[in-house]
Amino acid sequence: MLIHIQPPPAPKPFELEGPFDLERCVAALFYASGSQVILEGGMRPDGGVDLLTLHGGRSTVIQCKYWQKAVGVNEVRELLGAKIDFQASDATFVSTSGFTENAELFARRNRLTLIDANQLQTALTRYSQTREFSEAFAYFSRKCPKCGGTLVHRQNAASKEPFWGCSSFAHTGCKHSEPYDRRLLEPRAKAS
Ligand SMILES: [Zn+2]
(Lines give C-alpha, C1' and ligand atoms only; values in the text may rest on other atoms or scores of the structure.)
Protein backbone atom coordinates (compact mmCIF):
# COMPACT_ATOMS: atom_id res chain seq x y z
CA MET A 1 0.00 0.00 0.00
CA LEU A 2 1.26 3.40 -0.90
CA ILE A 3 1.43 5.93 1.84
CA HIS A 4 1.19 9.48 0.65
CA ILE A 5 3.02 11.91 2.79
CA GLN A 6 1.78 15.43 2.30
CA PRO A 7 4.57 17.98 2.30
CA PRO A 8 3.97 20.52 5.07
CA PRO A 9 2.30 23.68 3.75
CA ALA A 10 4.72 26.58 3.21
CA PRO A 11 4.44 28.91 6.20
CA LYS A 12 2.70 32.15 5.43
CA PRO A 13 4.86 35.26 5.75
CA PHE A 14 4.11 37.09 8.98
CA GLU A 15 2.54 40.49 8.35
CA LEU A 16 3.51 43.44 10.52
CA GLU A 17 0.91 46.16 10.95
CA GLY A 18 3.08 49.07 12.08
CA PRO A 19 5.92 50.31 14.28
CA PHE A 20 4.38 49.21 17.58
CA ASP A 21 3.53 45.85 16.08
CA LEU A 22 7.21 45.45 15.19
CA GLU A 23 8.26 46.26 18.76
CA ARG A 24 5.82 43.69 20.17
CA CYS A 25 6.86 41.06 17.63
CA VAL A 26 10.55 41.48 18.40
CA ALA A 27 9.74 41.37 22.14
CA ALA A 28 7.81 38.14 21.58
CA LEU A 29 10.64 36.67 19.46
CA PHE A 30 13.19 37.22 22.20
CA TYR A 31 10.79 35.85 24.79
CA ALA A 32 10.10 32.78 22.65
CA SER A 33 13.85 32.17 22.43
CA GLY A 34 14.13 32.20 26.22
CA SER A 35 14.93 35.79 27.24
CA GLN A 36 13.42 37.99 29.91
CA VAL A 37 12.03 40.96 28.00
CA ILE A 38 11.41 44.53 29.12
CA LEU A 39 9.42 46.77 26.80
CA GLU A 40 11.10 50.14 27.25
CA GLY A 41 9.25 51.90 24.45
CA GLY A 42 12.18 54.19 23.65
CA MET A 43 10.69 56.71 26.03
CA ARG A 44 13.54 58.05 28.09
CA PRO A 45 13.78 61.80 27.53
CA ASP A 46 17.59 61.39 27.48
CA GLY A 47 17.56 58.75 24.74
CA GLY A 48 16.23 55.24 25.05
CA VAL A 49 15.81 51.90 23.42
CA ASP A 50 12.71 49.96 22.50
CA LEU A 51 13.54 46.77 24.34
CA LEU A 52 15.93 45.40 26.90
CA THR A 53 16.40 41.64 27.17
CA LEU A 54 18.23 39.50 29.71
CA HIS A 55 19.44 36.01 28.96
CA GLY A 56 22.06 33.89 30.68
CA GLY A 57 23.53 36.85 32.56
CA ARG A 58 23.84 38.98 29.41
CA SER A 59 21.77 42.04 28.66
CA THR A 60 20.90 43.29 25.17
CA VAL A 61 19.51 46.66 24.15
CA ILE A 62 17.30 46.51 21.06
CA GLN A 63 16.18 49.24 18.70
CA CYS A 64 13.47 48.61 16.09
CA LYS A 65 12.72 50.69 12.99
CA TYR A 66 9.62 50.13 10.91
CA TRP A 67 11.12 51.79 7.85
CA GLN A 68 10.90 51.46 4.07
CA LYS A 69 14.39 52.95 3.57
CA ALA A 70 17.67 51.55 4.78
CA VAL A 71 18.75 52.43 8.32
CA GLY A 72 21.82 54.66 8.26
CA VAL A 73 24.96 54.94 10.33
CA ASN A 74 23.55 57.69 12.60
CA GLU A 75 20.80 55.45 13.96
CA VAL A 76 23.26 52.60 14.50
CA ARG A 77 25.66 55.00 16.25
CA GLU A 78 22.79 55.98 18.59
CA LEU A 79 22.31 52.31 19.42
CA LEU A 80 25.99 52.07 20.42
CA GLY A 81 25.39 55.12 22.65
CA ALA A 82 22.41 53.38 24.25
CA LYS A 83 24.42 50.18 24.77
CA ILE A 84 27.05 52.16 26.68
CA ASP A 85 24.41 54.13 28.59
CA PHE A 86 22.56 50.96 29.66
CA GLN A 87 25.88 49.17 30.31
CA ALA A 88 24.48 46.34 28.21
CA SER A 89 26.54 43.36 27.03
CA ASP A 90 25.12 43.42 23.50
CA ALA A 91 23.06 45.56 21.16
CA THR A 92 20.77 44.58 18.29
CA PHE A 93 19.16 46.72 15.60
CA VAL A 94 16.06 45.38 13.85
CA SER A 95 14.98 46.97 10.58
CA THR A 96 11.97 46.17 8.36
CA SER A 97 14.15 47.17 5.41
CA GLY A 98 17.95 46.92 5.53
CA PHE A 99 21.03 48.94 6.43
CA THR A 100 23.36 51.22 4.49
CA GLU A 101 26.89 49.98 3.82
CA ASN A 102 28.29 52.52 6.30
CA ALA A 103 25.85 51.35 8.95
CA GLU A 104 26.99 47.75 8.38
CA LEU A 105 30.68 48.69 8.59
CA PHE A 106 30.07 50.63 11.80
CA ALA A 107 28.12 47.75 13.30
CA ARG A 108 30.87 45.26 12.44
CA ARG A 109 33.59 47.44 13.98
CA ASN A 110 31.56 47.86 17.17
CA ARG A 111 30.17 44.32 17.41
CA LEU A 112 26.53 45.34 17.07
CA THR A 113 24.03 42.84 15.65
CA LEU A 114 21.94 43.96 12.68
CA ILE A 115 18.74 42.14 11.74
CA ASP A 116 17.27 43.01 8.35
CA ALA A 117 13.86 42.23 6.82
CA ASN A 118 14.88 38.76 5.62
CA GLN A 119 16.37 37.66 8.93
CA LEU A 120 13.35 39.07 10.76
CA GLN A 121 10.99 37.12 8.51
CA THR A 122 13.00 33.92 9.04
CA ALA A 123 12.76 34.35 12.81
CA LEU A 124 9.03 35.15 12.63
CA THR A 125 8.39 32.10 10.46
CA ARG A 126 10.22 29.95 13.00
CA TYR A 127 8.74 31.34 16.22
CA SER A 128 5.42 33.07 15.50
CA GLN A 129 3.43 29.82 15.77
CA THR A 130 4.82 28.97 19.20
CA ARG A 131 2.83 29.30 22.41
CA GLU A 132 5.53 31.49 23.93
CA PHE A 133 5.33 33.93 21.02
CA SER A 134 1.53 34.27 21.28
CA GLU A 135 1.72 34.58 25.04
CA ALA A 136 4.28 37.41 24.89
CA PHE A 137 2.55 39.17 21.97
CA ALA A 138 -0.73 39.20 23.90
CA TYR A 139 0.98 40.37 27.07
CA PHE A 140 2.52 43.36 25.29
CA SER A 141 -0.76 44.15 23.48
CA ARG A 142 -2.70 46.27 25.91
CA LYS A 143 -6.22 47.14 24.87
CA CYS A 144 -8.00 50.43 25.44
CA PRO A 145 -10.91 49.79 27.86
CA LYS A 146 -12.98 52.54 26.17
CA CYS A 147 -12.72 51.65 22.48
CA GLY A 148 -10.76 48.41 22.21
CA GLY A 149 -7.87 50.07 20.34
CA THR A 150 -4.29 49.14 21.16
CA LEU A 151 -2.47 51.11 23.82
CA VAL A 152 0.92 52.37 22.66
CA HIS A 153 3.75 54.31 24.26
CA ARG A 154 3.42 58.03 23.77
CA GLN A 155 5.13 61.09 25.13
CA ASN A 156 3.61 64.32 26.46
CA ALA A 157 4.77 67.01 24.02
CA ALA A 158 5.39 69.61 26.73
CA SER A 159 6.63 67.66 29.74
CA LYS A 160 8.20 64.75 27.77
CA GLU A 161 6.57 62.41 30.30
CA PRO A 162 5.81 59.03 28.77
CA PHE A 163 2.35 57.44 29.04
CA TRP A 164 0.25 54.70 27.43
CA GLY A 165 -2.13 56.30 24.95
CA CYS A 166 -4.86 54.94 22.69
CA SER A 167 -3.75 54.21 19.12
CA SER A 168 -7.21 55.24 17.88
CA PHE A 169 -6.59 58.82 19.01
CA ALA A 170 -5.74 60.07 15.50
CA HIS A 171 -8.83 58.43 13.96
CA THR A 172 -11.53 58.63 16.63
CA GLY A 173 -10.09 61.13 19.09
CA CYS A 174 -10.17 58.58 21.94
CA LYS A 175 -8.21 60.24 24.72
CA HIS A 176 -7.88 57.27 27.05
CA SER A 177 -4.46 57.14 28.68
CA GLU A 178 -2.76 55.18 31.45
CA PRO A 179 0.35 55.86 33.49
CA TYR A 180 3.54 54.63 31.90
CA ASP A 181 5.18 51.51 33.20
CA ARG A 182 7.92 49.26 31.88
CA ARG A 183 6.33 46.00 30.81
CA LEU A 184 8.42 43.09 31.91
CA LEU A 185 7.94 39.46 31.02
CA GLU A 186 9.83 36.66 32.75
CA PRO A 187 10.37 33.47 30.79
CA ARG A 188 8.27 30.66 32.20
CA ALA A 189 10.13 27.87 33.96
CA LYS A 190 10.71 25.14 31.41
CA ALA A 191 9.00 21.86 32.31
CA SER A 192 11.73 19.25 32.67
ZN1 LIG B 1 -9.41 54.14 22.97
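In helix H1 (residues 19-32), the buried residues include Phe-20, Leu-22, Glu-23, Arg-24, Cys-25 and Val-26, and also Ala-27, Ala-28, Leu-29, Phe-30, Tyr-31 and Ala-32. A residue is termed buried if 20 or more other C-beta atoms, placed from the backbone, lie within 10 Å of its own. H1 is thus mostly covered, with 12 of its 14 residues buried, while buried residues make up 31% of the 192 residues in the protein.

The model is predicted: local features need pLDDT of at least 70, side-chain atom pairs count only at pLDDT 80 or more, and totals for chains, interfaces and linings use all residues. Residues are numbered from 1 along each chain as its sequence is written.

The end C-alpha atoms of H1 are 20 Å apart, which agrees with the 20 Å that its 14 residues should span at 1.5 Å a residue. Gly-34, which follows H1, has a positive phi near 100°.

Helices H2 (residues 73-85) and H3 (residues 101-109) pack with their axes 8 Å apart, at an angle of about 20°. H2 is therefore roughly parallel to H3 (angles under 35 degrees count as roughly parallel). Their crossing is right-handed, that is, the near helix is turned clockwise from the far one by less than a right angle. The residues that meet, with contact meaning C-beta atoms placed from the backbone within 7 Å, are tabulated below.

| Helix | Residues in the contact |
|---|---|
| H2 | Val-73, Val-76, Arg-77 |
| H3 | Asn-102, Ala-103, Phe-106, Ala-107 |

These residues divide into five nonpolar, one polar and one charged.

Conventions: Axes are lines fitted to C-alpha atoms, for helices over the stretch in contact, and angles run from 0 to 180 degrees between N-to-C directions. Helices (H or I, at least four residues) and strands (E, at least two) are DSSP runs, numbered from the N terminus. Angles under 35 degrees count as roughly parallel, over 145 as roughly antiparallel, 65 to 115 as roughly perpendicular and the rest as oblique. Two residues are in contact if their C-beta atoms, placed from the backbone, lie within 7 Å. Ala, Val, Leu, Ile, Met, Phe, Trp, Tyr, Cys and Pro count as nonpolar, Asp, Glu, Lys and Arg as charged, and the others, Gly among them, as polar. The expected span of a helix is 1.5 Å times one less than its number of residues.
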